[in-house]
Amino acid sequence: SSPVATDEYLFIVTDYGDAACYDAMKGDTIWTHYFGDQFYSSPMIADGMVYLLDRSGKMHIVKASGEYKLIAESPLGEPAECTPAFSDNKIFIRARNNLYCISKN
């Protein structure tokens with residue numbers, strides 16, 4: 001997967017199930033967290049949150065900050081390996097068997 005960054009932080013995930021936040025300017029590790037399932041999709045940032053979709057299809061949402069804070073976890077119910085797309089306040093996720101469009105409405 002590819003990393004994603006804000007002006008202050010760089011976020012990465014691994015195929016071992018780890019996520020990490022680095023200082024974008026210095027490269028220092030700020031926090032790490034082990035989620036337990038592999039990541040193939042790249043993390044995405046929207047509305048101050050980092051969206052991390054693991055291979056089992058569970059979306060982990062963490063605050064895009066220098067302190068690890070889990071906001072929510074939501075399973076799709078099927079595996080997913082593709083990076084989600086964000087458009088018009090919607091999240092599009094291609095899972096193994098279905099294409100999902102998730103919105104507030």
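Strand E10 contributes the most to the lining of the largest pocket, giving three residues, where strands (E, at least two residues) and helices (H or I, at least four) are DSSP runs numbered from the N terminus. The structure is a predicted model, in which local features need pLDDT of at least 70 and side-chain atom pairs count only at pLDDT 80 or more, whereas totals for chains, interfaces and linings use all residues. Residues are numbered from 1 along each chain as its sequence is written, and side-chain values use heavy atoms, with hydrogens and water left out.

The largest pocket holds about 520 Å³ of space. A pocket is here an open set of points on a 1 Å grid over the protein atoms alone, with protein on both sides within 12 Å along at least five of seven lines, while a cavity is a set of points where a 1.4 Å probe fits but cannot get out; lining residues have an atom within 4 Å of a point. Grid points are joined across faces, edges and corners, and the volume is the space filled by probe spheres set on the points. The lining of the largest pocket comprises 19 residues, of which Tyr51, Asn89, Lys90, Ile91 and Ile102 lie nearest the centre. Two or more lining residues come from each of strands E7 (58–63), E8 (70–75), E9 (85–87), E10 (90–94) and E11 (99–103). By class, ten of the lining residues are nonpolar, five polar and four charged, with Ala, Val, Leu, Ile, Met, Phe, Trp, Tyr, Cys and Pro counted as nonpolar, Asp, Glu, Lys and Arg as charged, and the others, Gly among them, as polar.

Strands E9, E10 and E11 form, in that order, an open three-stranded sheet with antiparallel pairing, two strands being paired if DSSP finds at least two bridges between them. E9 and E11 are the edge strands, each pairing on one side only, and neighbouring strands of this sheet are turned by 20 degrees against each other on average, direction ignored. The pairing of E9 with E10 extends over three bridges, and phenylalanine 86 stands opposite isoleucine 91 in E10; Ile91 is also among the residues nearest the centre of the largest pocket.

Alanine 5 has leucine 10 as its bridge partner in E2, and Leu10 belongs, with Ile12, to the uncovered face of E2, whereas Tyr9, Phe11 and Val13 make up the covered face. E2 (residues 9–13) in turn pairs antiparallel with E3 (residues 18–23) over five bridges, and phenylalanine 11 stands opposite cysteine 21 in E3. The hairpin of E2 and E3 has four residues between the strands, and glycine 17 takes a positive phi near 100 degrees in this hairpin. E3 is also joined by five bridges to E4 (residues 29–34), the two running antiparallel, with threonine 29 in E4 as the bridge partner of tyrosine 22. In the hairpin of E3 and E4, which has five residues between the strands, glycine 27 takes a positive phi near 85 degrees.

The structure holds zero disulfides, a disulfide being a pair of cysteine sulfur atoms within 2.5 Å. The sulfur of cysteine 101 lies 16 Å from the closest cysteine sulfur, that of cysteine 82, which is too far for a bond. Cysteine 101 is partly exposed, with a relative accessible area of 46%, whereas cysteine 21 is buried at 0% (buried means under 20% relative accessible area, exposed over 50%, and partly exposed in between, with a 1.4 Å probe and protein chains only).

Note on methods: Axes are lines fitted to C-alpha atoms, for helices over the stretch in contact, and angles run from 0 to 180 degrees between N-to-C directions.
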